[in-house]
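Welcome! Take a moment to look over the model below, and then we will walk through it together.

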Amino acid sequence: MAQVSIGQVENLEELIRGLESVRDALETTCREQILAAERQCAEAREETQNSESMLEQASQAEQAAHQALAEAQQNLESAENALSAAEAALSACEAQPPNEGGNGPDCSGEESAVSDAKAAVDAAQSAVEEAQAALEKTTEDRQRMEQRVERAKQALSMAEQVSERVRQECTLRMQE
């Protein structure tokens, strides 16, 4: 019968304690890795939600810019109609025959109305140009937000995949 020395038993006990310590360290490391992966998923999920919220705001700003441009174009059309009417009134005034003293009619009011109407057209045209520029900017902002949402969703998908792989790997390692 083989004899076992006490030193060999103590060595086995020490080996068991060492293996248990390694297993505990592995479990701790696995838990830390799982928590880190879950934190990354949570951060990616939060970023996706923030990006979607920012996209909604950008879409609303773009809608408002569309509306502002439509209003500016209507105002320009109205100003152009007013200018046409003022020019027609001035032409009608100037077409009147001279009075008994040989003087032409006083069309200063009509001339002033044409001048005011031209200024209103210029101002309305500037407003249209500003509204168009604002629309272009808000459209670009929305497009950037769409790209951001897409990237955030990709990051979330990747984080979820990594988290699942970490869980699977840790589960597999702990079962061995």
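Which residues form a nonpolar patch on the surface? They are Leu12, Leu15 and Leu19, and together they have about 310 Å² of accessible area.

## Before we go on

This is a predicted model, in which local features need pLDDT of at least 70 and side-chain atom pairs count only at pLDDT 80 or more, while totals for chains, interfaces and linings use all residues. Residues are numbered from 1 along each chain as its sequence is written, and side-chain values use heavy atoms, with hydrogens and water left out.

## The surface patch

Leu12, one of the patch residues, sits in helix 1, which covers residues 6-94. Patches are made of residues with over 30% relative accessible area and no salt bridge, with like charges joined within 9 Å and nonpolar side chains (Val, Leu, Ile, Met, Phe, Trp, Tyr) within 5 Å. A salt bridge is a side-chain nitrogen of Lys or Arg within 4 Å of a carboxyl oxygen of Asp or Glu. Accessible areas come from the Shrake-Rupley method with a 1.4 Å probe, and for residues only the protein chains shown count as cover.

## Overall shape

The protein chain has 2 helices and 0 strands (DSSP runs, H or I of at least four residues for helices and E of at least two for strands, numbered from the N terminus). Its radius of gyration is 40 Å, well over the 16 Å that the globule rule gives for 176 residues, so the chain is more spread out than a compact globule. That radius is taken over C-alpha atoms, and the rule is 2.2 Å times the number of residues to the power 0.38. Along the principal axes, the C-alpha atoms fill a box of roughly 150 × 20 × 15 Å.

Asn50 also belongs to helix 1. Asn50 lies 38 residues from Leu12 in sequence and 56 Å from it in space, C-alpha to C-alpha.

## Inside the cores

Buried residues (under 20% relative accessible area; exposed is over 50%, partly exposed in between; 1.4 Å probe, protein chains only) make up 22% of the 176 residues. A nonpolar core is a set of buried Ala, Val, Leu, Ile, Met, Phe, Trp, Tyr and Cys residues joined through side-chain atoms within 4.5 Å.

The largest nonpolar core has 17 residues, and those touching the most other members include Leu83 and Val114. Helix 1 and helix 2 (108-175) each give two or more residues to this core, and helix 1 gives the most, with 9. Apart from this core lies another of 6 residues, among them Cys30 and Cys170.
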